[in-house]
Structures are given as C-alpha cells and as structure tokens.
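Here is a short briefing on the model shown below. Keep the structure open while you read.

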Amino acid sequence: MILLVTGCALAVLPLLAILMHLLREGASSIDLNFFTQVQKPVGELGGGMAHAILGTAAQVGLAAGLGVPLGLACGIYLAEYGGRERLAGPVRFALELLASTPSILVGVFVYGVIVVPMKKFSLFSGALALMVILLPLVARTSEELLRLIPQHLREAGLALGLPRWKVILSVVLRSAWPGVWAAILLGIARIAGETAPLVLTSFGNPTFPRGLDQPSASLPLQIYTYAISPFDEWHRLAWAGALVLVFTVLALNAITRLTGGSNERRRAD
Amino acid sequence: MKADRIFIQILRAAAGVSLLILAAFFIQMFWSSLPALRAAGMSFFSGTDWDPNQDVFGAGAFIYGTLVSSLLALLIAVPISVATALCLTEIFPAKIAGVISFLVEMLAAIPSVVFGLWGVFVLSPLLRSSVQPFLSERFSWIPLFSGPPLGIGMMSAGVILAIMITPTLTALAREVFLSIPTLQREAAQALGATRWETIWIAVLKNAKSGLWGAIILGWGRALGETMAVTMVIGNRPQISASLFAPAQTLAAVLANEYAEATSDLHLSALSALGFTLLLVSTIIHLGAKFWIRRGRES
C-alpha cells in the first residue's frame, strides 16, 4: 500500500519540481523588455521574446483558422453522416493515424511538400504543420461529443421542418458546443507548445518576420535556441520564455477543465 | 434541400482533405527516402555508422538509441503509472483522487521543449552529481553503469521520457481499472481477501490485457518524442553498453540534422529514418488498439 502511494507521489513530483524551477529561474527575468524586445546579438545583455510571442500567435492563429473549421467539418461528417457514407471508415482511420504520428514527422512531411518547392522556410509552412497536428485533435473529439447528443433533439428539429444542415449547426453542434469549444482550446494549447515540426518548417528567426513567406520565430523554438546555446544570458531568457509558455498553456488547460470541459474525459491516445 | 446537398458536399470535401493529407504524408515520406534506401539497400538498417560527409548512412545506432531510451522509460514509468492509477481508482477518496488526476493531466500539458530545458539544467546535473556516481560506485561491474558519469546521455533521456509518458500511461491504466466491474472486487472481499489481495486478484489480474495495450501505446508515445530527448541525450549516434554514454534516437536526429542537411542523399537518408519511425509507430499503434479491443471482448 505504501509502495502504491509512493508511486503516486513520484508521478506528481516532477510537475511540482518543474513549476518550482520555472518560477525560481524565470520569474526574475520577466519584465517589459521581455515582451517588447527581440533577440540581441551574442554578448549583449538583455533582449526579449517579442518576435517569438508574435510568431507563435501568428502561426497558432493561422493553424487554428484553417484547422478548426476543417476539423469540425470532419467531426460533423463522421458523427452525423458516418453511418451511411463510404468515406467515413477510411477518414476515421486516417484521423486516428494522424493523431498517433510523432509530431516531428509532420515537420518532415511539410518540409517535403511546402518548404522544398518554395525553396525557403516560412511562417506559413509552420502554420500548416501545426494545422496537421490540430486537425485530428478537433475532429476526433468533436465527433465523440456530437455523438453524445441524443437522437430526439435531431428528430425534433427535423419535425419542425428545419433543413438538415440547420439542425446540425444550430441544434446539435450548439448543444455540444461547450465541450467542443473546450476541445478546441485544449488543441490550441497543445500546438502552441509544439517545437519539433517548426524546426523543419518555420525554422526560427532572430527578429520579426516580414511576411508569411519568411522564416519565423516562435516561443517554443526560441526557448530551444536559447536553451542549447552556451550563454548564461540566453539561458536566463529560456527560463523566462518557458515560464510564460507553461503558464499560458496550463492556464488554458486548467480553465477548460475546471469549467466546461471537466465532464468529458480526455483520451490519452 | 439544395442547401443540404451543398452542406454534405462541403463536409465530404473536408473529409477528403484529411484523407488526402494522410495519403500525401505516407507517399511523401516513402518517396523522399527512396534514394537513400536504394543507395544503401538493407545495410541501411543493419549498418551502425552514420557519416554524412562520407555518404555512409546506417540507421543501427538510431534504432538502438530509440529502443533503449524508450524501454528504459517504460521500465521507470510503468510501475509508477500503475501505482498511481491504482491509487486513483482503488485507494484514495474521490476528492484527493480528483486533485491528483488533475495534477497528472497538467503534467501532460507541459510542452516537450520545457521538459528538455528542465532536463538540461536540473535533471542531468542531478544525475551526474548524485545518481550516476552512486550507481557506478556500487554497480560498476554491470556494463550498464560503467564509464564516467556524464549526466547528458541515455539515462537522462530515459528518465525524461518516463516523466513525459507517465500521464498517458496513468490515464490509460486508470480507464482499464475503471472498466473492471465492482462485482469482481466485492467477490474477492467476500472470500476474505484483504485490500491488497483484492487489488491483486480482482483488479490487476483482470486488467492484464488492457494494461499491455496501455503499455504499448505509451511505448509508441516514447518512440516519437523529439525535443526533450534531443536536448538531453547527447546527440551522438553510437551504440554503447553504458547508460551514462551519449546516444541518439530516430526522432532526435531529424530535429538535429534535417534543416541543415549537407547533401540530397543526406536529406534522403534522414527521411528514411523518419519513414522507419513512421512505420514503427503506426504498427505499434494499430497493434495496441487491436490488443485492447481483444481484451475488451474476452
């Protein structure tokens, strides 16, 4: 019995240790400069993460703008038409496989189909990679949630003479919306922290990107760059960046779980 | 009803796009690895030398590093996760269990690069200064614990992976335990079993096949983890008996070399490593799913 509780303590300990170290090493470096300045050349003190925060916002925003509607459409397709459509089985299988692939391979894929033909790393390709990761997350959870909506709601809508698309969007989707919204936020929190695919797509940039077709920094990527550098000044910034990233992601998670999303279990696969 | 027809066409298009993405994914990965596979043949998988400057490409060391680091992670994470899941379902009152499972879920939400950062500056120094010297003093006759304690290396990677897959494993194990009918537990208790015996006889024995599925899914997760591993494993493609030595994995080398590949063949060889990883993780995922389904039916 004591063994079991020890195991449980060991599972929770790393989270507390990581949060503690983040606060201790990173909190003192978070000031106005951190949010307003870009990477300084090696040797100069100071500098910040403004370009990285903006890059993450742009890439995640673009990925969500493409991935959420696409994912929702797939989810609706599978939940509402899945029984009769021939494509449903293969699509469900494809989404499952996409969800299980290591994220670095998504980077390799996008590198091959976008970066090589364009002959340069770009913010756009990074956003596409994040979109590929977000798509199955949104599609699979929204399918599950839509399926939970009782059949009689649909029948009631149809009986009122509403067209089917209207029933789906304004009755079924609307009833499931709190959960779907939570799933979308969790998916966004997840891609906001993705690093591996961005190494091969948006590549990183010491300053603000000038356009969608330019290489771009992002918060996780910049943390990586700072962390593996040999400079203490950059390590300081890496901790600060990690603190900001973790607290943003955890806040998103905590809010969605404690409010709307708490009643549906998150699938670990 | 015309609007309905347009609506379903839009949905079909979206579904088609996701099919297309997956198909393009596999085709692209296969296509880009062809040149390297053609050049090296089967020796690509058996060779252990990796020297892009000499156009020598062998995946052996990466496969070895991937297997050893992920198995080490399982070795650490499985007992911890099973214990945690048992605490959550069998022992703790609902309130405490709620808090613990919330914390474990939060651990799952931390981005990989942050684990890497913590691994580089906290975990590795800790292993180097206390854990590894202790192991090498007592157990240096075991090859696993030979050599200088470097901190950065296979052991760091295994431990950080273990931390990262613990939430996945815990959640899966918990689901398996929850699916076991209460009747089983009550039957064991009615026969006079103690609490521990109940857990052993009624819960763990019945959960066996489900747990195997969970472990395999967790393994698949560990195989593909990239950023945290590349930051703490030392990035040296070598096969060393010692867990203290640096190593390299399939996923980590992609993050490390892909964007800076020196030649087309080098790029293709890296793609072939990626394709290998893709096949392995797909097979593992499908295998685990099959296993879980079979467990549920029996």
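The contact between the chains draws 71 residues from chain B and 66 residues from chain A. Here two residues are in contact if their C-beta atoms, placed from the backbone, lie within 7 Å. On the side of chain B that touches chain A, helix α1 (residues 2–40) of chain B gives the largest share, 19 residues. That side of chain B holds 50 nonpolar, 18 polar and three charged residues. In this count Ala, Val, Leu, Ile, Met, Phe, Trp, Tyr, Cys and Pro are nonpolar, Asp, Glu, Lys and Arg are charged, and the others, Gly among them, are polar.

**Basis and confidence**

- This is a predicted model; local features need pLDDT of at least 70, side-chain atom pairs count only at pLDDT 80 or more, and totals for chains, interfaces and linings use all residues.
- Residues are numbered from 1 along each chain as its sequence is written, while chains are lettered from A and ligands numbered from 1 in the order in which they are written.
- The model scores ipTM 0.94 and pTM 0.94.
- Chain B has a mean pLDDT of 93, with 100% of its residues at 70 or more; pLDDT is the predictor's confidence in each residue, from 0 to 100.
- Within chain B, confidence is lowest in helix α8 (residues 195–204), at a mean of 90. It is highest in helix α10 (residues 227–232) of chain B, at 97.

**Chain A**

- Chain A has 11 helices and zero strands. Helices (H or I, at least four residues) and strands (E, at least two) are DSSP runs, numbered from the N terminus.
- The C-alpha trace of chain A spans about 70 × 60 × 30 Å along its principal axes.
- Chain A has 269 residues, of which 52% count as buried. A residue is buried if 20 or more other C-beta atoms lie within 10 Å of its own, exposed if 12 or fewer, and partly exposed in between, with C-beta atoms placed from the backbone.
- Of the contacts in chain A between residues at least 6 apart in sequence, 73% join residues at least 24 apart.

**Chain B**

- Chain B has 12 helices and two strands. From the N terminus, its elements run α-α-β-β-α-α-α-α-α-α-α-α-α-α.
- The C-alpha trace of chain B spans about 75 × 70 × 35 Å along its principal axes.
- Of its 298 residues, 50% count as buried.
- Among contacts in chain B with a separation of 6 or more, 74% are between residues 24 or more positions apart.

**Helix α5 of chain B**

- Helix α5 (residues 112–139) of chain B spans only 32 Å between its end C-alpha atoms, whereas a straight helix of 28 residues would span 40 Å at 1.5 Å a residue. The expected span is 1.5 Å times one less than the number of residues.
- α5(B) bends by about 50° at B:G119. The bend is the angle between axes fitted to the seven residues ending there and the seven starting there.
- B:V113 lies in this helix. B:V113 counts as buried because it has 29 C-beta neighbours inside 10 Å.
- B:V113 touches A:T195, A:P220, A:I223, A:Y224 and B:M227, leaving aside residues up to four places away in sequence.
- B:V113 and B:M227 are 114 residues apart in sequence, yet their C-alpha atoms are 5.5 Å apart.

**Nonpolar core**

- The largest nonpolar core has 185 residues. Such a core is a set of buried Ala, Val, Leu, Ile, Met, Phe, Trp, Tyr and Cys residues joined through C-beta atoms within 7 Å.
- Residues with the most contacts inside this core include A:C74, A:I223, B:V114 and B:L273.

**B:S33 in helix α1**

- B:S33 lies in helix α1 of chain B. B:S33 is buried, with 23 C-beta neighbours inside 10 Å.
- Beyond its neighbours within four places in sequence, B:S33 is in contact with B:S268, B:S271, B:A272 and B:F275.
- The C-alpha atoms of B:S33 and B:L265 are separated by 9.0 Å, although the two are 232 residues apart along the chain.

**Positive phi**

- A:F203, a residue other than glycine, has a positive phi, near 70°. A:F203 sits in the loop between α9 (196–199) and α10 (219–228) of chain A, and is buried, with 22 other C-beta atoms within 10 Å.
- B:N235 also has a positive phi, near 50°. B:N235 is found in the loop between α10 and α11 (250–257) of chain B, and counts as buried with 20 C-beta neighbours inside 10 Å.
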